[in-house]
Amino acid sequence: MTEEIRICIASRGKPEELAESFRSELPGAQVFTDPAALDETPVPYVVAGKPAPGVIASVPGAELILSLNAGVEHLLAPGEVPEGVDIVRLVDPAMTEGMSDWCLAVVLSWHRNLPLYRADKGWNRRTEILSRNRVVTVLGAGALGSRVARLLAQIGFQTRVWSRTGRAVEGAEAFAGPDGLDAATRGADAVVNLLPLTDETRDVLDAALFARMAPGGFVASAGRGEHLVDADLLAALDSGQLSGAALDVFRTEPLPEDDPLRAHPNVLVTPHVAAPTQAGSAVRIMADTIRRHRAGAPIPDLVDRRRGY
Ligand code: NDP
């Protein structure tokens, strides 16, 4: 049955390695790594990294786009994936684990003043606060946000979680929709952003949100750079309204050498490494999706174009 499977990898990073993994997961599959070299024979499955604009739309007979990323805003841009072609985003427990590690690392580090002690190198005892006395808000209760919120709650933080529909997360207080954002972030000591980038979530991390937080708060963002109003963050840090930030994603990546976020002493910059795609598990998940598609079974994690994620 797998003999006729035709897959095209449209990715700027290591397509040959991915192709080899697909061939071993789906023996007999024909896997192409150069979309420009395809003839007119239909290729139903396109594995999409972040190829040059228009490349995905050029693949003949595409039926299903399998995203190598959890975020799919680039695939929803005009001219990218033709109407009627389904997009599956990557939901991978390995990615969720990586993201949880990053979020817990930066929140706990800030919570226990570790950056300050590293800078002090002395014997300057800071006020140490128990997790039970801190409020942490997670923006996004999806594959990533729900696990992060659950773990933060298990550690003992007073945890809130904000989503479009008010999705419940064990141990956390759930808030929904535009009206819920105010209550979700009011008085929060830390805010962790794990939202997808949509027209509704762009610029969500702005001066108004920082002003609602408790003074001296902390912001971590691993969603997308366009969620953050950079100038508002810098102003909140300089005024002391915020005491620190950890950022993994930026409006321009790589973050330019002279970007003020790099120079700010209270900003931790990581180079979009919070939850990199794990090729091995990602290919296994995508191969399973292809098998399901061929069997006519329901496909999990389909993107809803109207929602934007
Ligand atoms: P999901 O689609 O599983 O979850 C998205 C969550 O955001 C859902 O809870 C959804 O609400 C909520 N949401 C969406 N729109 C709104 C809105 N307008 N208002 C309030 N809540 C909203 O995504 P993932 O958890 O898998 O991934 C989230 C993002 O993380 C990705 O889109 C990507 O940008 C980023 N990411 C970053 C990585 C990195 O290395 N830095 C790696 C992987 C992902 P509801 O539950 O109601 O639908």
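Is Asn113 buried, exposed or partly exposed? In this predicted model, Asn113 has 19 C-beta neighbours inside 10 Å, so it counts as partly exposed; a buried residue needs 20 or more. Asn113 sits in the loop between helix 2 and helix 3 (114-120). Its phi is positive, about 60 degrees, although Asn113 is not a glycine. Most residues other than glycine have a negative phi, and most peptide bonds are trans.

Asp301 is a residue other than glycine with a positive phi, near 60 degrees, and its place is in the segment after helix 9. Asp301 counts as partly exposed because it has 16 C-beta neighbours inside 10 Å. The other feature is a cis peptide bond from Glu253 to Pro254, with omega near -5 degrees. Pro254 lies in the loop between strand 11 and helix 8 (260-263).

The overall division comes next. The protein is split into domain 1 (6-92 + 277-295) and domain 2 (93-269). Their C-alpha centres are 32 Å apart, and the contact between them takes nine residues from domain 1 and nine residues from domain 2. An unreviewed UniProt entry places the feature "domain: D-isomer specific 2-hydroxyacid dehydrogenase NAD-binding" at residues 107-274. In the model, the end C-alpha atoms of residues 107-274 lie 13 Å apart, and this span is 32% helix and 20% strand.

How many of its five residues are buried? Five of the five are buried, so strand 10 is largely enclosed by the rest of the structure. Gly217, Val219 and Ser221 point one way from the strand, while Phe218 and Ala220 point the other way. In a regular strand the side chains alternate between the two faces of the sheet.

The chain goes from strand 10 through helix 7 (residues 230-239) to strand 11, in a right-handed β-α-β crossover. Strand 9, helix 6 (residues 207-212) and strand 10 also make a β-α-β unit, and that unit is right-handed.

Strand 3 (residues 45-48) pairs with strand 4 in the parallel sense over four bridges, and Ala48 stands opposite Ser67. Three bridges join strand 4 to strand 5 (residues 86-88), again in parallel, with Leu64 opposite Asp86.

Apart from its neighbours within four places in sequence, Ile65 is in contact with Val46, Ala48, Ile56, Leu75, Val81, Val85, Asp86, Ile87 and Val88. In soluble globular proteins, nonpolar side chains tend to be buried together. The largest nonpolar core here has 90 residues, and those with the most contacts inside it are Val46, Val47, Ile65 and Val192. Helix 2 (residues 93-111) supplies the largest share of this core, seven residues. The core draws at least three residues from each of domain 1 and domain 2.

What makes Ile285 count as buried? Ile285 has 21 C-beta neighbours inside 10 Å, and therefore counts as buried. Its place is in helix 9 (residues 279-295). Leaving aside neighbours within four places in sequence, Ile285 is in contact with Leu90 and Asp92. Ile285 and Arg251 are 34 residues apart in sequence, and their C-alpha atoms are 29 Å apart in space.

Technical notes: Residues are numbered from 1 along each chain as its sequence is written. This is a predicted model: local features need pLDDT of at least 70, side-chain atom pairs count only at pLDDT 80 or more; totals for chains, interfaces and linings use all residues. UniProt positions are given in the numbering used here, feature names are shortened, and annotations may be inferred rather than shown by experiment. Helices (H or I, at least four residues) and strands (E, at least two) are DSSP runs, numbered from the N terminus. A residue is buried if 20 or more other C-beta atoms lie within 10 Å of its own, exposed if 12 or fewer, and partly exposed in between; C-beta atoms are placed from the backbone. A crossover is right-handed if, with the strands pointing away from the viewer, the path from the first strand over the helix to the second runs clockwise. A nonpolar core is a set of buried Ala, Val, Leu, Ile, Met, Phe, Trp, Tyr and Cys residues joined through C-beta atoms within 7 Å. Domain bounds come from an automatic or database domain assignment. Two residues are in contact if their C-beta atoms, placed from the backbone, lie within 7 Å. Two strands pair if DSSP finds at least two bridges between them.
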